[in-house]
Amino acid sequence: TMMLVVSMPFQDSVLLTYAAGCVGATILEYVTGVAMEALFKVRYWDYSNQKFNFQGHVCLGTSLAWGFLTILMTEVVHVRVETFVMAIPGQTLTIVTYILTAGIFADFALCFKAAIDLRDILIKMEQAKEEMVHILKRLDAIIASANQEMEHRKAALVDGVHNVREELVEGMAMRMEDVKGSMEGKLETLKSMALKSSAVLENWKEELMELKTKYAVNLADRNRLGGLKDAFQRGMIRSNPTMTSARFKEALEELKQKASEKKENGTKEQD
């Protein structure tokens, strides 16, 4: 439709028709690409690996091809389509127009919803990954802190034992009652230190179990999201093999792989 509109004032000149097609289609492709990436967080086509491209949304080779396609559309395809349409009775044409319009809007709605859902899946997969990375960092911190805490507790415990031994040696010249009282005090101190060490380990244990549970939940969520149960979404990914995402590159590649695997499995089942 865009090609017909932009080339309409230049129907008498093939050269101007070509130029209008090149410019009009390139502008539309660029605006559409930028808008879709901003909305869906994905590039559904990417010319970054092509020469003379602009931001990966358009490139010279494709723009030149749009011009030739415009000539084909206006000079060959549209002429025959117009002849066929004008031969249809007015009332029938109106009904067909309504049906086609409804179909176009329905297709647009389904595609838009699938693209939005795909964007949400990518966002949630990335959030799950970030949460797992956060859990791993916290685990590293706990391990380091626990090791340091245990070393301190161990050193204090050893010092306490040495102190008790020294007290016993010194107590040889003391009265039995005094030795007994001193011994009981030192043993209580050592017992208290041991209980504190056990409490510290128990606190770490509780947090470690909580982190383990969170990690398992996030991993399960990411695997579930990457399963791509929606056939429409898998179809969108397979029909746009060059789609990329700077922000969700890893997650998108994972979805591409899953979509490809499901297609291969489906083909094998049919065979």
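## The largest pocket

Sorted by type, the lining holds three nonpolar, five polar and one charged residue. The volume of this pocket is about 150 Å³.

What counts as a pocket? On a 1 Å grid over the protein atoms alone, a pocket is an open set of points where a 1.4 Å probe fits, with protein on both sides within 12 Å along at least five of seven lines; lining residues have an atom within 4 Å of a point.

## About the model

This is a predicted model, where local features need pLDDT of at least 70, side-chain atom pairs need 80 or more, and totals for chains, interfaces and linings use all residues. Residues are numbered from 1 along each chain as its sequence is written, and side-chain values use heavy atoms, leaving out hydrogens and water.

## The whole chain

The chain has seven helices and two strands, in the order α-α-β-β-α-α-α-α-α from the N terminus. Helices (H or I, at least four residues) and strands (E, at least two) are DSSP runs.

Of the 271 residues, 26% are buried, meaning under 20% relative accessible area with a 1.4 Å probe, protein chains only. The accessible surface (Shrake-Rupley method, 1.4 Å probe) comes to about 18,600 Å², and 63% of that belongs to carbon and sulfur atoms.

Now for contacts (heavy atoms within 4.5 Å): among those between residues at least 6 apart in sequence, 71% join residues at least 24 apart.

Conventions
Buried means under 20% relative accessible area, exposed over 50%, partly exposed in between (1.4 Å probe, protein chains only). Grid points are joined across faces, edges and corners, and a volume is the space filled by probe spheres set on the points. Ala, Val, Leu, Ile, Met, Phe, Trp, Tyr, Cys and Pro count as nonpolar, Asp, Glu, Lys and Arg as charged, and the others, Gly among them, as polar.
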